[in-house]
Amino acid sequence: MIRVLVADDQALVRAGVRMLLQAAGDMEVVAEAQDGAEAVRQAERHLPDVILMDLRMPRVDGLEAIRRILAARPGSRIVVLTTFAEDAIVHAALRAGAVGFLVKDDEPERMVDAVRKAAAGEQLLAPSVLRRVVEGFLAAGDRAAAPPPAGLTERELEVLALVGTGLSNAEIAERLHVGVTTVKTHVGAAMDKLGLRNRIQAAVVAHRAGLVDASFRPVRPTRHPGGGPANNPGG
């Protein structure tokens, strides 16, 4: 059962989200919050698997709540709920450590799917959106080249490059001919070693390190577990 905290200053929104998620059958809303300060308290008390966080709330806003929650529990999976999917808002939320975002008028199925993906450590941005977000990060000052991250294994660098192209864990597993659990382990290890909170930050690192080119294709050749070269996922 996926345990969810819903933080939104509108009671009707919270009630609607609760009904939607609990009808899914594999998730439970364990707590609600009407502002950022309460969200921080409820996150500490209930330790939810996923937090759905509105950004515009009284007293303590969503961005500050994200920062406080992640400072106490760096592994928290926070998905932003927003009315307007403006680039500046998305960038600010992702910089704060959110793992993705949802627009409030999205289809209900998208919210259920997003909670499941967040709980599983999957990516919550489509490749086209990821490209726009990464380019926004780079344009904002993260474009400076950097050497390949130190301390990563060859396979972790491989997986990091593929994360940078926008592939999901399942897609990476298919490209590398390994299991999804194996990919998830490598992604988690790479992000832990680099101190990254979400896959968007990992994608930015991959681009800065030259592991992915401007066309969002991996620069490093991928290999089969047996050591032979595989087809380059970029073509």
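This report walks through the sheet, the helices packed on it, and the salt bridges of a predicted model.

## The sheet

Let's start with the strands. Five of them make up an open sheet, and reading across it the order is β2-β1-β3-β4-β5, with parallel pairing. At the edges sit β2 and β5 (100–103), each of which pairs on one side only. From one strand to the next, the twist averages 25 degrees.

For a closer look at one pairing, take strand β3 (residues 50–54) and strand β4 (residues 77–82). These two run in the parallel sense and are joined over five bridges. Asp54 is a handy landmark here, as it stands opposite Leu81 in β4.

## Helices against the sheet

Now for what rests on those strands. Helix α2 (residues 36–46) packs on the sheet, where it touches β1 (2–7), β2 and β3. The direction of helix α2 makes about 140 degrees with that of β2.

Helix α5 (residues 108–119) is another one to look for. It lies across β1, β2, β3, β4 and β5, and it runs at about 130 degrees to β3.

## Salt bridges: the overall count

Side chains of opposite charge can pair when their charged atoms come close. How many salt bridges does the model have? The count comes to twelve. A few of them are worth a visit.

## From helix α1 to strand β2

Arg18 and Glu32 form a salt bridge, and their closest N and O atoms are 2.6 Å apart. Arg18 belongs to helix α1 (residues 11–23) while Glu32 belongs to strand β2 (residues 27–33), so this pair ties together parts that are 14 residues apart in sequence.

## Around helix α7

Arg155 counts as buried because its relative accessibility is 17%, under the 20% cut-off. Glu158, at 6%, counts as buried too.

Glu156 reaches out to another helix. Its side chain meets that of Lys193 in a salt bridge, at 2.9 Å from N to O. What does this pair tie together? Glu156 lies in helix α7 and Lys193 in helix α9 (residues 180–194), so the bridge links parts that are 37 residues apart in sequence. Glu156 is buried, with a relative accessible area of 6%, whereas Lys193 is partly exposed at 45% relative accessibility.

There is also a network to look for: Asp8, Asp54 and Lys104 are joined into one by salt bridges that share partners.

## A stop at Gln201

Last, find Gln201 in helix α10 (residues 199–208). This residue is buried, because its relative accessible area is 18% and the cut-off is 20%. Which residues does Gln201 touch, leaving aside those up to four places away in sequence? Its contacts are Leu94, Arg95 and Leu196.

Note on methods:
Residues numbered from 1 in each chain as written. Predicted model: local features only at pLDDT ≥ 70, side-chain atom pairs only at ≥ 80, totals over all residues. Heavy atoms only, no water. Salt bridge = Lys/Arg side-chain N within 4 Å of Asp/Glu carboxyl O. Helix = DSSP H or I, 4+ residues; strand = E, 2+ residues; numbered from the N terminus. Buried < 20%, exposed > 50% of the residue type's maximum accessible area, 1.4 Å probe, protein only. Contact = heavy atoms within 4.5 Å. Pairing = 2+ DSSP bridges. Axes fitted to C-alpha atoms, helices over the stretch in contact; angles between N-to-C directions.
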